[in-house]
Amino acid sequence: MGTPGSVPHAVRWDAMRITKYTHACVRLEHEGRVLVIDPGVWSEPAALTGADAVLVTHEHADHIDVLRLAGLGVPVHAPADARIPRLEFNGVTAEGELTVAGFHVRPVGGRHAVVHGGLPDCANLGYIIDGAVYHPGDSLHVPDQPVDTLLVPAQGSWMRTSEAIDFVKAIGPRRTFPIHDAQINSRGLDSVNGWLTETTDHGYRCLSPGESV
């Protein structure tokens, strides 16, 4: 899975620059265009420097810094059912595909993963960018197409490490980078990284905040 011939809307993987920022924030750059996904309250302001557009998977503050985005002056795209006061945004659904800052975006999934008792229940969309990079937000939704690069949640109150491992194996990407990792200390992160490295065979590599590939 993940070969260029099998992925629609494919680009050269080595031509897209991916930069990981704190927690779930990722910056994508290709041919002078900049798309930022999930710049939350813990992510660095530098992630948004020169951004052409922003994608938000869901309404939680660790994925969206409303005050920062309200003054940014670039288009923000988020699930149509998201409750985001004080921010104008373009509503997105899983039924359609769109172009954002020149990137082809396919939204997938629909709801946030459950922690307990059916909660939290809010809209959550994962985004497949240019048929290559998949950011699932706070979900473990397996799309019906192969992807080259998976951004796998490393930790959350709504998941176990075994679920992250199974998620990587179900998708079968060529390379895998962890996100959603700011709520655990270095010892916990070392443990999660160790498990994912040892139990998956899909190019797993941990990126430090600000590191690019």
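This report describes a six-stranded open sheet in a predicted model, with attention to strand E3.

The strands of the sheet follow the order E1-E2-E3-E4-E5-E6, and their pairing is mixed. Strand E1 (17-20) and strand E6 (90-92) lie at the edges with a single partner strand each, so one side of each has no neighbour in the sheet. On average, neighbouring strands of this sheet are turned by 25 degrees against each other, direction ignored.

| Pair | Residues | Sense | Bridges |
|---|---|---|---|
| E2 and E3 | E2: residues 26-30 | antiparallel | five bridges |
| E3 and E4 | E4: residues 53-55 | parallel | three bridges |
| E5 and E6 | E5: residues 76-79 | parallel | three bridges |

Strand E3 spans residues 33-37 and is mostly covered, with five of its five residues buried. Arg 33, Leu 35 and Ile 37 point one way from E3, while Val 34 and Val 36 point the other way. Residues on both sides of E3, Arg 33 among them, are buried.

E2 and E3 form a hairpin with two residues between them. In that turn, Glu 31 has a positive phi of about 50 degrees. Further along the sheet, Pro 79 is placed opposite Val 92 in E6.

According to UniProt, in an unreviewed entry, the feature "domain: Metallo-beta-lactamase" covers residues 22-180. Over residues 22-180 the chain is 10% helix and 33% strand. The end C-alpha atoms of this stretch are 8 Å apart.

Technical notes:
Residues are numbered from 1 along each chain as its sequence is written. This is a predicted model: local features need pLDDT of at least 70, side-chain atom pairs count only at pLDDT 80 or more; totals for chains, interfaces and linings use all residues. Side-chain values use heavy atoms; hydrogens and water are left out. Buried means under 20% relative accessible area, exposed over 50%, partly exposed in between (1.4 Å probe, protein chains only). Helices (H or I, at least four residues) and strands (E, at least two) are DSSP runs, numbered from the N terminus. Two strands pair if DSSP finds at least two bridges between them. UniProt positions are given in the numbering used here, feature names are shortened, and annotations may be inferred rather than shown by experiment. Axes are lines fitted to C-alpha atoms, for helices over the stretch in contact, and angles run from 0 to 180 degrees between N-to-C directions.
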